Amino acid sequence: MTTGRGRQQGFGRRIADYRNSAPRLVKVIGIGAAAQALAEDIAAGARGSVVLGRHEGADAPLDAPVAGVVPGAVVVVMTQSSIPQALGHRIERTAATLSVVMLDSAEGAVAPEVAGLRQRLRGVADMFAATSDPEFVQELVANLAS
């Protein structure tokens, strides 16, 4: 059976007793005003399974604990107009699953600093996606947290 968007119902369910199949805490970090607003909306509607990543210092890893809890997944959302310094984390491979989403509606010139940040994140990410659909980010986070 499929849903209205063509997806099978039941898809995305966890496998019992499989170590990589447990619900996980997802840390969402928004870089730039639009991405930050989206991250805040996602975290507010997630009821504890999603936490908002804040500027934690240039030496803090992307998967730094939030309120003492280590996230199992990290989602970084950015736009072409993001300010690289707004990330505020050390960019390196993480123990948590790292997904980076470039959220923009139009292609065009990207500031060299943003292009550099995007390349550095792409180099350590488990998944890198570009989309103009904010619902993609919401669904990604929901699937990681379920």
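Val77 of strand 3 has Val101 as its bridge partner in strand 4, and these two strands, the latter covering residues 97-103, pair in the parallel sense over six bridges, where pairing requires that DSSP finds at least two bridges between two strands. The model is a predicted one, in which local features need pLDDT of at least 70 and side-chain atom pairs count only at pLDDT 80 or more, while totals for chains, interfaces and linings use all residues. Residues are numbered from 1 along each chain as its sequence is written, and side-chain values use heavy atoms, with hydrogens and water left out.

Strand 3 also pairs in the parallel sense with strand 1 (residues 26-31), over six bridges, and here Ala73 is the bridge partner of Val26. Six of the six residues of strand 3 (residues 73-78) are buried, so the strand is largely enclosed by the rest of the structure; buried means under 20% relative accessible area, exposed over 50%, and partly exposed in between, with a 1.4 Å probe and protein chains only. Ala73, Val75 and Val77 point one way from the strand, whereas Val74, Val76 and Met78 point the other way.

Helix 3 (residues 134-145) buries Val137, Leu140, Val141, Leu144 and Ala145. Seen down the helix axis, these buried residues fall within an arc of 125°, taken from the directions from the axis to the C-beta atoms, so they line one face of helix 3. Among the elements that cover them are strand 1, strand 3 and strand 4, contact meaning heavy atoms within 4.5 Å. Helices (H or I, at least four residues) and strands (E, at least two) are DSSP runs, numbered from the N terminus.
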